[in-house]
Amino acid sequence: MPEISIRKRPRTEAVVTQRKFFKKTARGKVVKVLRERYLRDDVACGMHSCTLCASSQDAVLPSSGSLDHPSFPSGHFVLPDTNIFLSQMDLMESPKFNPPTIILQTVMEEVRHRSLPLYNRLKALVKADDKNIWVFYNEYRSETAVIREEGESPNDRNDRGIRKATSWYNSHLSLARPPVRGQSRPPLPVVVLMSDDVANRQKAEKEGLSCVSVRKYVEGRKDSNGLLDLLAAAGSDNLDPTPAAAARQALYPDYLPTTTLLAGVKSGRLHQGHFNANQYNYLEGSVPVPGFEKPVLLVGREHMNRAVQGDVVAVEVFDEKDWKAPADEVVDQEATLKNDDADDSEEETDDDEALAEQKMLRAEAVKRAESSKQPTGRVVGIIKRNWRSYVCHIDSTSLTSTNPTSLSQQTVFATPVSRLLPRIRLRTRQAPALVGQKILVTIDRWERTSRYPEGHFVRALGKVQSKEAEQESLLLEFDVPYRPFGKAILDCLPVEGDNWVVPPKNPVDPNWKDREDLRDLIICSIDPPGCQDIDDALHARRLPNGNIEAGVHIADVSHFVHPDTPMDSEAAARGTTVYLVDKRIDMLPALLGTNLCSLRPHVERLAFSVIWELSPDAKIVDVRFTKSVIASKSAFTYEEAQIRKDDPGLSDELTESIRLLNDLARKLREQRMAAGALNLASPEVKIQLDSPESSDPVDVEQKELRETNSLVEEFMLLANISVARKIQETFPQTAVLRRHLPPPRTNFEKLQDILRRRKGMTLDVSSSGALAASLDKCVDPNEPAFNTLVRIMATRCMLSAEYFCSGSVARDTFGHYGLASPIYTHFTSPIRRYADVLAHRQLAAAIGYAPLHASLHSKSHVERVLEVVNKRHRMAQMASRASVEFYVGLALKARSSKATVIEDAYVIRAFRNGLGVFVSRLGIEGLVTFKHEIQFDADNYTITVPAGGQEITISVFDKVKVEVEVEQDKNTQRGRVVMALSQPIDSRSL
Amino acid sequence: MSSRIEILNDGGYRSDGRKQYELRDITIDLTQQGTADGSAQLTHGLTQVLVTVFGPREAKMRSQTLHDRAVLNVEMSVAPFSTGERRKRSRADRRILEMAAMIASTFEPVVQTNLYPRSQIDIYVHVLQQDGSLLPACINATTLALVTAGVPLLDFVCAVTGGVHSTSPLLDLTTLEENDVPHMTVAVMPRTRKVTLVTMETRLHVERFRELFELACEAGQTIHREMKYAVKDRTVALVNAMDAGSKGGAADDHDRDVVMDDRI
Amino acid sequence: MPRPPSPSIPEKEFVYGALKQSLRLDGRAMLEMRTPTLSFGPELGWVECAMGKTRVLAQVDGKMVKPPPERPLEGIISIHSELSPMASNEYEPGRPTEEEVALTRMLDKVLRRSDAVDKESLCVLAGQRVWHIRLTIHVLSDAGNMVDCACLAGIVALKHFRRPEVEVEGDEITVHHPSERAPVPLSMHHTPFCFTFAFFPDAPPLVDPARLEETLSAGLLSVALNAQKELCVVQKAGGSPLPAEEVLAIMDIAVAKARELDRLVEARLQEDWKGRVVEVR
């Protein structure tokens, strides 16, 4: 029983401890709030062997501070001000920068108040192993608590609190080390206030505190060079604008004040939404807002007003007469803005580029089709910036000096890899060294006088096109956590390591408790070739009553991963294993994933089994769930299993079992299709690697699907559905489920229109069943691939599936649209998906195997975890797609060096000056642009190209041939796929 | 606003600087209030209640009397200025009626009513300020008021609230915390360690309940210590005053102290 | 106003004496409930629940209203309960008695505050139209443990109720008549059940007290929880004090009882649903 005590509060303290303020409630009433706080003397300072603070065993700060800064020979601690974290987070996060640091509660709270993403980074920073950071709860310590004085702004109050804490620390240090009589007192380390706020520093100096600006501090360090680049632009000492800059003409309109924005959004005058840049046209963006069915279109840089992909913005919508259709032209930033100078572009307001932009917009205004009008508007303010670090290349043309030894500071352009982002202006001293490398850049600010956002260099990732750099940049771009597993995590693994085995059967052994012995069952696994993390295995056998018993056995990961351990929280943070072409970023340490939990053949493994009794026509008679011990009899690849099944000469138990399973799977599939499940398609290709070591791609091929693929899939679906039902029943509030919302009808409008006009086909989207049926009818006898193409395009119209907590959404939205199942979860791959681990725990509790951990009773906790998992899941998908694309590029490069690559392609979009095509054999999309004028019929999705007297018409869904090659951008070294039409007409001459 | 405040932060501190198992400050004032037979004003954090006790006295309504014991009559009133939002609660507010009924039935088996047949004991509870843990404050103050009124009790009744944030139990919740986490009130009789009142109105798993319940019972003992000191102080002061009046000077003050300690 | 006669002294002593030997007047075991009988009316949401001679009628209806501005996205659930002299000769019309307050508050806590019904799913058009579900509880006769019986009747009525299907197109709301489209059940988060335990000096606790047991008991403890072991309400307002372990032991008993009752209710509801022919034209 913990110690329970009463906090006593002296009566005289009331002034300091009580705080009264007024706040407005959601209903608009003004309410008085009175809060109190308890000041204490046991808030620890965090120094090792501090004689005054009791709990110094978990202290992290070395008692003598850091001795390696020349300015502070007697040792020092850094105490950063709030503005350091608001603008210099990259520096603070750098592994090279780790002086002993004290973070005040005041600072934490201010950061939290200003920006949650920064606060989360700060929290991660505090927890990081390699940093010496101590959080000092100064607001709760009696000596350091401050109250806001009459007429003092909250900011000033906080600054004063920070200064007070600094001075307290310094006197605490001297008190903790009283001078020993007769000995000269050793010099004491100092606590240095680090702040970029000049006023705060001046006040601190007046109070006799040592303080320093970030730049000064970093410059004073021995290893300053590498760190200086990490400094954000705001870190420069002269914060006030130079007269020249002040006189600069503003390029963008000012943002409205936040209060006006919020009031406007509330009143419906303004609209709030995420800004999406158009990847085909950098002068256009859109903001989906709840107020309009179609997203609000922002045309021109001025109207986008410094919004960056992902920002939450407030937009003002124009009158309906100004509404436009989105541009049907491809405008490439690099091509148009080639001549922009990084250093002084803002001084020439009427430069070529601006003129070109205006011309383009004017020209477009005339040609825009009347039909598909969209609301237009402009950004009037940013509600929340979502800036993070971006992977970029340095634009070599923007360099003023390419002398590699030059250490002069230059202003250069960094071009983000993502086409959705603007170029970033960057000041660096190592520009020449960075050319040809992938680098990480953070945006710091975007002034209204500047055409481009300003950023700072974070770190270099490596040479462009080198696999390491590409891989890391990919992981960074999609925010995939890829650090190796820490010691605390590896400590959670069984001590036996690789030698762990299922102990001999013994009912009292905890490993065997309540487990069924299924070792005699004929169980096998079927996976793709080379699969190491086998998380599922199957069996089937006939029962005497004519029914069939089928079982799915899933690796019992929750036996090894216990809740509330470092391994569990790490897995929750990673959310999923990420598969890249040549690398796998595991969610769980490899020992579990590829060994202890992998259901390898001829080895006894712990499993979680779902066992059905199915009638011969594959109807569920009964289902039960049990923890078990199994011994897989064989691990097949899809191909092997297929061959075995089809081999009439074999009739052993294993083969029979596969046949039985296959038979059932076919019936299950029929039932599912009858219920209205969709048969979707996405372009999936497989990269053939030469050998695992060199990982040079040899060729790209499309994935082959066998009957056995579908066998495994059907049973996994069945298991997931059965489990979902069970856990939802038992834990209606917190069950971990997965759903796929039906797509809004408007998503299909464009596709329906194209199909109707081009092919005379209709798509019925009233339900998933109707859609499935009408997709089946979209067949062009001459084009066998056409149906797949339509399916791919239809898939793109849909929403993505997501995990959710059953208590947080209405019961009638649980359904999975694509699978046409009223309820669904993920249970079958706990090695590589965290949601499955949660489902395992809940199922174990539901069958009374183990009590449910308290965190899984907490709806808010489950929601929080699933939010992360959902995000990771999305990011992981994008990362693997990008990885495939990269290798497709490499393969193409290899092939096109030998001969020109010509591939069949389908037109999927038509622009005024180009065509969007899809090359199914490579699974990539590309753009064919025409330099000369062509005729464009937006209503019929057709372009007409004049070719030597005759005219050739190309429409959407037409089959063409394209020449594909990889071109290296001269400036950025970025490889990109370029396509040109070769049939029916050669487009390069046009 | 509340979403911006962390109920329990990483350093293990709650929004007002307390740790998980720390209760708020309790100030007890047992000075006589007007003509009441007994009274207690209890300030628990920012929650403040005043309880006055009249009786045992002859019942006003004859029909209400019981032939074998006294009737406890609890009237509760909540000051309109007790919350941030000024709102007048009618006396017939069901929540207040229920709370009054709960206080009455809590004390019925504790007060030795059988000593006063055909009489009535009136308990008036005034809520002056509210910031969470209202029911415990009312119950604790009622105990003290009954003690000062000299009404014979079997034992103290000590109440406390507890809640669970995610998986960590908290004791003695403020309004901010009560709005955010599942919580319960437990009243114990410290000598027998028996529980006389448990109420919970928010959803909580049985296992969590068990843990929190045991913790709250323990916290009741801590509160008891605080209440005991207050009663002792007052009695010592009274005894001193009496001694000063009769003998002038108290030689055996210390002994009395010990005797008092034993009794309570 | 004459007070109802309290049980006579011999009656009291007889009951106490019997309970000391774990014998109850109606022959039940100490932890045995009177098996509830649920009968459904012709209308959906009309349920009569009887536990022994205690009978409660619950009826649910729904209509569409404009939501209050502070909660534009949630439907409204209101519970009306009335104790008329018809239930027992101890009740009188007029000012709400203590029993009535206790009943109303308990129903409110068990059925409404525990979030049994998903209120968000009752929103039809944000800020414009939401469902207002009204549950009316009539106590027909009180022969002890009226609260548990009322809670059970209430929750079963909510589960039994089906509201008409609604379709929204833009700002247009179409309510489909039950004969046109099958009405839909309310979306429920969980199903809480209430159990009341009574204590006597020197006797083990008993569940589901009869009228006499209720009046003579030294204390009552009500627990509301669902079959998933989540407590929603625990209420022991005074009465004779109990050791902490006993309180926890009662929780465990309640867990088992909730599971049992959940099965019974589901079975009854299914049975009734099978017997109903939903005509959809």
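Trainee: Hi! How many residues of chain B are in contact with chain A?

Mentor: In this predicted model, 28 residues of chain B are in contact with 31 residues of chain A; contact means C-beta atoms, placed from the backbone, within 7 Å. Local features need pLDDT of at least 70 and side-chain atom pairs count only at pLDDT 80 or more, while totals for chains, interfaces and linings use all residues. Residues are numbered from 1 along each chain as its sequence is written, with chains lettered from A and ligands numbered from 1 in the order in which they are written.

Trainee: Nice. Which strand of chain A is joined to β1(B)?

Mentor: Strand β1 of chain A, residues 5-6, is joined to β1(B) by two bridges, and they run parallel. There, A:S5 has B:E22 as its bridge partner.

Trainee: New topic! At what angle do α1 and α2 of chain B pack?

Mentor: About 40 degrees, with the axes 11 Å apart; axes are lines fitted to C-alpha atoms, for helices over the stretch in contact, and angles run from 0 to 180 degrees between N-to-C directions.

Trainee: Which residues make that contact?

Mentor: Among them are B:M99 and B:I103 of α1(B), and B:L135 and B:C138 of α2(B).

Trainee: And how many helices and strands does chain A have?

Mentor: Chain A has 27 helices and 38 strands.

Note on methods:
Helices (H or I, at least four residues) and strands (E, at least two) are DSSP runs, numbered from the N terminus. Two residues are in contact if their C-beta atoms, placed from the backbone, lie within 7 Å. Two strands pair if DSSP finds at least two bridges between them.
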